[in-house]
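Okay, thanks for coming, everyone.

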Amino acid sequence: MPAADLHAPAGRLTLLKWCLAPRRVPLAVLLGLYVAARVVILARYRVYTSVDSTSYADRPGNTVELLSFTGHAPRPWGVPLLYALAGSDRAGTAVQWAIGTIAWILLVCACWLVLRSSFARIGAASAVVGLALSRSVYSWDHAVLSESLSISLGIAALALLAIWARTRSRLALGALVVATVWWTFVRQDVLPYVLVLAVVLTGYALLRSYRRVAVVAVLVLLAGLVWNAATAAAVNDSYRAWYSGLSLSEATFMYRLRFQVLNDPQVAKAYRDEFGMPRCQSAEQIAGRPAWKMTEFIAAYHGCPDLVAWAEREKGSVAYRYPLAHPRHAAAKTVEIMPVLLGGTAGRYAEPVAAVPALPEQIFFPRPDRVLPLAGLIAVLAMGIGLLARGFRRARWAAAAGGILVLVSSASAVAGTLFTAGEYARFGIQEAVLVRVGLILLGAAAVDAAMAVIGERNGTARVDPSPTVSEPDSVSRPAEGDLGGHRTGQDPQRLALRLGEGPGAASSTTQNPPSTCPSGDSTG
């Protein structure tokens, strides 16, 4: 490939030029189709609101403070800040649309960057675009709720991490930190992802170059987590002013009593006999009916002071004590709930846009009873192919990121079955999307590794002397005495091969491109 494509002078390499290079025409086409579909969605969507929307966006006559950076509001400040700045539901959902569009474009670019064979790149980018255009994903962008921002900031954080890991761009790292800190204050269930991200950045700080910026990023993320922890109790208590006098933890426990405990005779018996839960006939009668009737259930709950006192005392521990005491039944209930939790939400909340085909939804969100078997099959096949192909020799970063994402999202979904109840599909949509992204990365990494092995056997693969290094630190930042980005005395031919270039690029002068989506292409 021409040396100028990799090493354009500072300021001249733009994202548009990068995408329009001949080798990346498929990427440009995919991004063009995605943006066109997103514009259609923006022009035709209808804003969706629910009762919960009033805790995120202000309404006439509202007397509850919705935005507080110190926790004196019913929700963390992430979503209320967006709607306070936007000024209206329509403007706020348009901002959500813009953030989601940018996030998925970044992820497509990141996949193209960390993978090497054209087949794997095109496959991964196509899958990401298809997932982004699934009705269970894009419809949240026009809902006045937290799900859109939670999904989009998570996707952006993953994409920016991949871009930074490959390029060491400080702009990408700065954007990663901003997106992740904001993400921390959208929903409490994102905290495991933020912790894993902090651990990953700590590993880079300890094992790789650019330690200073990585350490600063880790410290900022930890400060965000401390800030979240310091305000969590206040948010929990401030929820009372918005929802029936119940704290956030009490309201969550009410849903668990209604949908997981009192309507299941085996669980209810264990709660009474082993954990001392008092009887409440009026609440039990409502729980035995199919209708939700949460207002009536909460009124019945308040009419049983012994149950209220017991719930206040036990609500923080009984959720995990039951699985420990009855692991088989708890596991069976988890397996029963997981397909619903990970199965998607198309049509159940915001209306999909009719002009956008339903095919992506059918591909990425099949019937709930097929979700777990298909996910398991894809994961096993990807791991098997990758390990046979010399342990993901050519795509270890993508394989590791995909595997970690699947594991963390699955664990978060299991925890969701223990501590939440009711709207499982809505509460689990973040995990549902990220599990699918992880599987895409795993599958693409397996294809990339397999293509490398096939190419080597056919004598068509290019040599990669350092396959385990996603971006050689020696060319990430020129040191004193370096010439144009590689050290004096270093073999230019070897340097070009490490970058995945052909011999024709060996004589070029290297310089780190300023774009957050720079080149590094090689074909498999």
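Before I point at anything: when I say helix, I mean a DSSP run of H or I with at least four residues, numbered from the N terminus. And keep in mind that this is a predicted model.

So, helix α20, which covers residues 368–388, is where you'll find Leu-377. Leu-377 is partly exposed, at 47% relative accessible area. As a general background point, nonpolar side chains in soluble globular proteins tend to be buried together.

Now for the inside. Which residues touch the most other members of the largest nonpolar core? That would be Trp-104 and Val-437, in a core of 151 residues. If you skip the neighbours within four places in sequence, Val-437 is in contact with Trp-104 itself, plus Leu-107, Leu-131, Ile-155, Leu-158 and Leu-405.

Next, cysteines. How many disulfides does a search of the whole structure find? One. That one joins Cys-280 to Cys-304, with the sulfurs 2.0 Å apart. Cys-280 sits in the loop between α13 (265–273) and α14 (281–287), while Cys-304 is in the loop between α15 (294–302) and α16 (305–314), so the bond ties together parts that are 24 residues apart in sequence. The link between Cys-280 and Cys-304 is right-handed, with 70 degrees about the S-S bond. Both Cys-280 and Cys-304 are buried.

What about Cys-111, then? The closest cysteine sulfur to that of Cys-111 is in Cys-109, and at 9.5 Å it is too far for a bond, because a disulfide needs the two sulfurs within 2.5 Å. Are these two buried or exposed? Cys-109 is buried, at 1% relative accessibility, and Cys-111 is buried as well, at 2%.

Arg-168 isn't a glycine, yet it has a positive phi of about 60 degrees. Where is Arg-168? In the loop between α8 (147–167) and α9 (170–184).

Terms used. Residues are numbered from 1 along each chain as its sequence is written. This is a predicted model: local features need pLDDT of at least 70, side-chain atom pairs count only at pLDDT 80 or more; totals for chains, interfaces and linings use all residues. Side-chain values use heavy atoms; hydrogens and water are left out. Helices (H or I, at least four residues) and strands (E, at least two) are DSSP runs, numbered from the N terminus. Buried means under 20% relative accessible area, exposed over 50%, partly exposed in between (1.4 Å probe, protein chains only). A nonpolar core is a set of buried Ala, Val, Leu, Ile, Met, Phe, Trp, Tyr and Cys residues joined through side-chain atoms within 4.5 Å. Contact means heavy atoms within 4.5 Å.
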